[in-house]
Amino acid sequence: MLEIERVMLIQVCLYFYCKFLWRCLKFVMRKLTGRCELQRICYNTKPGASRTMKIETSLRDSKSKLLQTSVSVHPDAIEKTIEDIMELKKINADINPQLGISLQACLLQIVGYRNLIADVEKLRREPYDSDNPQHEEMLLKLWKFLKPNTPLESRISKQWCEIGFQGDDPKTDFRGMGLLGLYNLQYFAERDAAAAQQVLSDSLHPKCSKFSKAEWEKKRMDKAIGYSFAIVGINITDLAYNLLVSGALKTHFYNIAPEAPTLSHFQQTFCYLMHEFHKFWIEEDPMDIMEFNRVREKFRKRIMKQLQNPDMALCPHFAASEGLINI
C-alpha cells in the first residue's frame with residue numbers, strides 16, 4: 001500500500017513539475033520570438049488537423065478562463081471571442097490580420113465538432129417510434145432505395161430480412177443506436193444508391209461479388225460468408241459514433257471540413273466505413289458469422305491507426321480540404 005502511495009505521489013509531483021517547466025518554456029519562447037503560443041502555432045503549422053488540434057490543446061490547457069471557455073462558445077459568438085483573445089494577448093489585429101482569420105477557422109472546427117457530437121447523440125437517444133409517420137416514412141424509403149424493383153408486401157413482413165434485418169419488424173433492431181442507425185442507412189442507400197445496392201447484393205451472395213474468378217480462387221471465396229446488411233450498418237453506426245465521441249475523428253473532420261463539421265460529414269464517413277468494412281470482411285474471409293466481432297475489432301484498430309496520422313482524411317472524395325486557405 002505504501003509503495004502505491006509513493007508511486008502516486010511521484011506521478012503527481014512529475015505532473016506539476018512538467019506543467020511548471022512548460023509554462024516557463026512558453027514564457028521564454030514568447031520573449032525570444034515576440035509571439036504568443038497561438039501565434040506560433042498559426043504561423044508555423046499548416047491548416048487542418050495539425051493546426052486545429054494544437055490550437056485546441058493550447059486553449060484548453062490555458063490558465064486563462066477566456067481561453068479555456070472559447071472552445072465551447074456558441075458559433076455566433078466566435079468572432080467576438082477572437083477579438084477578446086486578441087485583446088487579452090495584446091495582439092494588434094491590423095498588424096496580424098491573418099491570425100484572427102486562422103483562429104476563427106480553428107474555432108469553427110472545434111466548436112462545430114462539439115456541436116456535431118450533440119446532434120449525433122440526440123439522434124442516437126431518440127428511439128424508433130412506429131406510430132411516428134416520419135419514422136415510418138424513412139424506413140419505407142430505405143426499402144425502396146435498396147430494393148427499387150421489389151415492392152414491400154406489407155409493413156410487417158419477412159421481406160425485411162432480405163435487406164439484413166433480423167425479423168419481420170425492423171423497429172426492434174434500432175434499439176441500440178436509435179434513429180441514428182436509420183438515418184445512416186437511409187443516407188447510404190439514397191446518396192450512394194449503386195454502391196449500397198451492390199454491397200447489399202454481395203452481403204447476401206458473397207460468391208457473386210464483382211471480384212474476378214482468379215481473386216475468388218486466390219482468397220478461397222467459394223466458401224465466402226455473407227452478413228446481414230442492415231444489422232452490420234447499425235453496428236458500423238456504433239463504430240462511427242464511438243470514434244466521434246472519443247475524439248478519434250477529429251483528425252479526419254479537421255482535415256476535410258474547412259469550417260464546422262456537420263451531420264452530413266458524419267454520414268459520409270459512415271458510408272466510407274461501410275465500403276471499407278465490406279472489403280475488409282471479404283479480405284478476412286471468416287469461417288462463419290460468429291467471427292464478426294473479431295473482424296470488426298480488427299477493422300476498428302486499423303481505422304484507429306489511420307486516424308493517428310494528423311494528415312489523414314478517411315474519405316478524401318468527400319473532402320472540402322481544397323477550400324482550406326493556407327493562412
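Modeller: Start with α2 and α3: Glu37, Leu38, Ile41 and Cys42 in α2 meet Arg51, Lys54, Ile55, Ser58 and Leu59 in α3. Bear in mind that this is a predicted model.

Biologist: How do you know how α2 and α3 are oriented to each other?

Modeller: Two packed helices are described by the angle between their axes and the distance between the axes. Here α2 (residues 37–44) and α3 (residues 49–60) pack at about 175°, with axes 10 Å apart. Anything over 145 degrees counts as roughly antiparallel, so α2 is roughly antiparallel to α3.

Biologist: Why is α2 called largely enclosed by the rest of the structure?

Modeller: Buried means under 20% relative accessible area. Six of the eight residues of α2 are buried, so the helix is largely enclosed. The buried ones are Glu37, Leu38, Gln39, Arg40, Ile41 and Cys42.

Biologist: And how much of the chain is buried?

Modeller: Buried residues are 43% of the 327 in the chain. The accessible surface of the chain is about 18000 Å², and carbon and sulfur atoms account for 56% of that.

Biologist: Which elements make up the fold, helices or strands?

Modeller: The chain has 14 helices and zero strands. As for contacts between residues at least 6 apart in sequence, 65% of them join residues at least 24 apart.

Biologist: What is the orientation of α8 and α13, and how do you know?

Modeller: Helix α8 (residues 178–191) and helix α13 (residues 263–284) pack at about 70°, and their axes are 9 Å apart. The range for roughly perpendicular is 65 to 115 degrees, so α8 and α13 are roughly perpendicular to each other. On the α8 side the contact includes Leu180, Tyr183 and Phe188, and on the α13 side Phe266, Gln267 and Met274 are among the residues involved. Taken together, the contact residues are nine nonpolar, five polar and no charged.

Biologist: Why does Gln267 count as buried?

Modeller: Its relative accessibility is 7%, and the cut-off is under 20%, so Gln267 is buried. Gln267 belongs to helix α13. Leaving aside residues up to four places away in sequence, Gln267 touches Tyr183, Asn184 and Tyr187.

Biologist: What makes Trp143 and Trp160 an edge-to-face pair?

Modeller: Two checks. Ring centres must lie within 6.5 Å, with planes over 60 degrees apart for edge-to-face. Trp143 and Trp160 are 5.6 Å centre to centre with 75° between the planes, and that makes the pair edge-to-face. The pair also links distant parts of the chain: Trp143 sits in helix α7 (residues 133–146) and Trp160 in the loop between α7 and α8, 17 residues apart.

Biologist: Are those two tryptophans, Trp143 and Trp160, buried or exposed?

Modeller: Trp143 has 2% relative accessibility, so Trp143 counts as buried. Trp160 comes in at 0%, so Trp160 is buried too.

Biologist: How many aromatic pairs are there, and which residues do ring pairs link into a cluster?

Modeller: The count is 15 aromatic pairs. Ring pairs join Tyr227, Phe277, Phe280, Trp281, Phe292 and Phe299 into a cluster.

Definitions and conventions: Residues numbered from 1 in each chain as written. Predicted model: local features only at pLDDT ≥ 70, side-chain atom pairs only at ≥ 80, totals over all residues. Heavy atoms only, no water. Axes fitted to C-alpha atoms, helices over the stretch in contact; angles between N-to-C directions. Helix = DSSP H or I, 4+ residues; strand = E, 2+ residues; numbered from the N terminus. Parallel < 35°, antiparallel > 145°, perpendicular 65-115°, else oblique. Contact = heavy atoms within 4.5 Å. Nonpolar A, V, L, I, M, F, W, Y, C, P; charged D, E, K, R; others polar. Buried < 20%, exposed > 50% of the residue type's maximum accessible area, 1.4 Å probe, protein only. Areas by Shrake-Rupley, 256 points an atom, 1.4 Å probe, with all protein chains shown as cover. Phe/Tyr/Trp six-rings, centres within 6.5 Å; stacked < 30°, edge-to-face > 60°.
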